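Let's take a walk through this fold together, from the overall layout down to individual side chains. Have the model open as you read.

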Amino acid sequence: MSVIRSVATTASAVGLIAGMTAFATTALAHHPMGGETPATLVHGLLSGIGHPIIGIDHLAFVIAIGLVAAYTRIRALLPLAFVMATVAGCGLIVAGFTLPAAEIVITASVVLLGIVAMLGRVIATPILVALLAASGLFHGWAYGEAIVGAETTPLVAYLFGFAVTQFAIASGVAWGVVSIWKALDASALQPRLAGAMVAGVGLALLIETVEGMIFA
C-alpha cells in the first residue's frame, strides 16, 4: 500500500511540475509587462514577481535548487547564494557588461543541476554554492534585460520582487521534498524523478538553443 501511495504521490508531483512548466510556456509566454520596461514601483514589483515564473529555463533551475537544497545542512543557503548571484548578474547587464554564451550556459546549468538531483547523491555544499553562484550570474544577467533603462524605483522593486519569488520557490520545493514527500535522503525516488524531469527540460532547451545558433 505504501508503494502505491509513493508512486501516486510521485506521479502527482511530476504532473504538477509539468503543469507549471507548460503554463509558463503558454499562458505566460510573454514578459509580465508585455515587454515594456517597468516605469513605476508597482510595475517593477509585478514584473519581478512574474519574470522568474514565466521563463521555463529559470523556473526549472529554481525548482532544481530546491530539490538539491533539501539535503543540505542549511536549506536556505543554496537559494540565498543563487538569489544574491542573480542580483549581481542583473547589475552587470544594467552596467553595460556582456556575458558570453549566456543562453548556452543557462540551459546547460539546468541540465547539470537536474542531473545532480537525479543521481540522488549529496554533493559538498561549497561545490554547490560555487555552481549556483556562477550560474546565478548568467541567469540574473538574462533577467536584467527586462529592466535595462528603468529608473531607480522600478529597478529596485523589480530586484526585490524577483529575488523574493526565486527564494520562495526554491525554499518551498526544499520544504515540500522533506515535509510532503517525506524524502529522508537524496536517494529517495520522488526528488530523483523530479530531477530527471528538470534535466530533460534543460536538455530540450539546450538542443533548441544550439540549433537556433547553428541554423540562424
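Is lysine 182 buried or exposed? Lysine 182 is exposed, because its relative accessible area is 58% (exposed means over 50%, buried under 20% and partly exposed in between, with a 1.4 Å probe and protein chains only). You'll find lysine 182 in the loop between H7 and H8. Its phi is near 55°, a positive value in a residue other than glycine. Most residues other than glycine have a negative phi.

A quick word on ground rules. This is a predicted model, in which local features need pLDDT of at least 70 and side-chain atom pairs count only at pLDDT 80 or more, while totals for chains, interfaces and linings use all residues. Residues are numbered from 1 along each chain as its sequence is written, and side-chain values use heavy atoms, with hydrogens and water left out.

Now step back to the whole chain. The protein chain has eight helices and zero strands (helices are DSSP runs of H or I with at least four residues, strands are E runs of at least two, and both are numbered from the N terminus). Along the sequence, that reads as α-α-α-α-α-α-α-α. Of the 216 residues in the protein chain, buried ones make up 45%. Look at the contacts with a separation of 6 or more, and 83% of them join residues 24 or more positions apart (contact means heavy atoms within 4.5 Å). The accessible surface of the protein chain comes to about 10,500 Å², and 73% of it belongs to carbon and sulfur atoms (areas come from the Shrake-Rupley method with a 1.4 Å probe; for residues, only the protein chains shown count as cover).

On to the inside. In soluble globular proteins, nonpolar side chains tend to be buried together. Here the largest nonpolar core has 33 residues, and Ile65 and Leu113 touch the most other members (a nonpolar core is a set of buried Ala, Val, Leu, Ile, Met, Phe, Trp, Tyr and Cys residues joined through side-chain atoms within 4.5 Å). The elements giving two or more residues to this core are H3, H4, helix H5 (102–119), H6, H7 and helix H8 (189–215). H3 supplies the largest share, 11 residues. Zoom in on leucine 113: leaving aside neighbours within four places in sequence, leucine 113 is in contact with Phe61, Ala64, Ile65, Val68, Leu131 and Leu132.

What about the rings? A search of the whole structure finds three aromatic pairs (rings of Phe, Tyr and Trp, the last by its six-membered ring, pair if their centres lie within 6.5 Å; planes under 30 degrees apart count as stacked, over 60 as edge-to-face and the rest as tilted). Phenylalanine 61 and phenylalanine 82 have ring centres 5.2 Å apart and planes at 45°, so that pair is tilted. The two sit 21 residues apart and link distant parts of the chain, with phenylalanine 61 in helix H3 (residues 56–69) and phenylalanine 82 in helix H4 (residues 77–94). Both phenylalanine 61 and phenylalanine 82 are buried.

Tyrosine 143 and phenylalanine 162 also form a tilted pair, 5.0 Å centre to centre with 55° between the planes. This pair, too, links distant parts of the chain: tyrosine 143 is in helix H6 (residues 125–144), phenylalanine 162 is in helix H7 (residues 152–179), and they are 19 residues apart. Tyrosine 143 and phenylalanine 162 are buried, and together with Tyr158 they form one aromatic cluster.

Histidine 58 counts as buried because its relative accessible area is 6%. Not counting residues up to four places away in sequence, histidine 58 touches Pro52, Ile106, His139, Ala142 and Tyr143.

Finally, two stops elsewhere. Alanine 204, in helix H8, is partly exposed, with a relative accessible area of 46%. Alanine 204 and valine 111 are 93 residues apart in sequence and 9.1 Å apart in space, C-alpha to C-alpha. Then there's alanine 101, in the loop between H4 and H5, which has a positive phi of about 50° although it is not a glycine.
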